Amino acid sequence: MMRSIFALFSLIFLSSCYQQEKKCADFKTGEFEFTYTINGEEKTSRFIRNDTLEIDYFENEIDTNSVRWINDCEFIVKKINPTSRNDAKAIHMKILTTSKNSYTFEYAAVGDKKNKQKGVAKKVK
């Protein structure tokens, strides 16, 4: 009886410690979609990323950003030709979880720990 209770608690403890492996390197390059809401309206952005550049396509606008990888799951994105002070702010991106064709991430301006937001990017190519 005591052994079966111990075995049950051990099983529960070990299963609660399990974390799915993140495969961030699978999302360093490719073509992605990101859907989000602005003022109650759902919008979709498409972007293509390689190791050092990211090209964003949104509502007939194209932006080019530099990409600097900190590690396999974190990188800094910065507009190459910003049009305002706000555009010039670098964004820290951190991949939190991955699945077969998407990843969940959090992002905020570099140094801004209070205004982090989350999103999901889907790899389309």
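Q: What volume does the largest pocket have?
A: Rolling a probe the size of a water molecule over the atoms shows where empty space is left. On a 1 Å grid over the protein atoms alone, a pocket is an open set of points where a 1.4 Å probe fits, with protein on both sides within 12 Å along at least five of seven lines. Its volume is the space filled by probe spheres set on the points, joined across faces, edges and corners. Here the largest pocket has a volume of about 1000 Å³. This is a predicted model, and totals for linings use all residues. Residues are numbered from 1 along each chain as its sequence is written.

Q: Which residues lie nearest the centre of the largest pocket?
A: Lining residues have an atom within 4 Å of a point. There are 30 in this lining, with Phe 34, Asp 56, Lys 79, Ile 91 and Tyr 107 nearest the centre.

Q: Which strand gives the most to that lining?
A: Strands are DSSP runs (E, at least two residues), numbered from the N terminus. Strand 7 gives the most, 5 residues. Strand 1 (30-38) and strand 4 (61-71) are among those supplying at least two.

Q: How do the residues of the lining of the largest pocket divide?
A: Asp, Glu, Lys and Arg count as charged; Ala, Val, Leu, Ile, Met, Phe, Trp, Tyr, Cys and Pro as nonpolar; the others, Gly among them, as polar. The lining has 15 nonpolar, 5 polar and 10 charged residues.

Q: How much space lies in the second largest pocket?
A: About 150 Å³. Its lining includes His 92, Tyr 107 and Lys 116. Strand 7 provides the largest share, 4 residues.

Note on methods:
Predicted model: local features only at pLDDT ≥ 70, side-chain atom pairs only at ≥ 80, totals over all residues. Heavy atoms only, no water.
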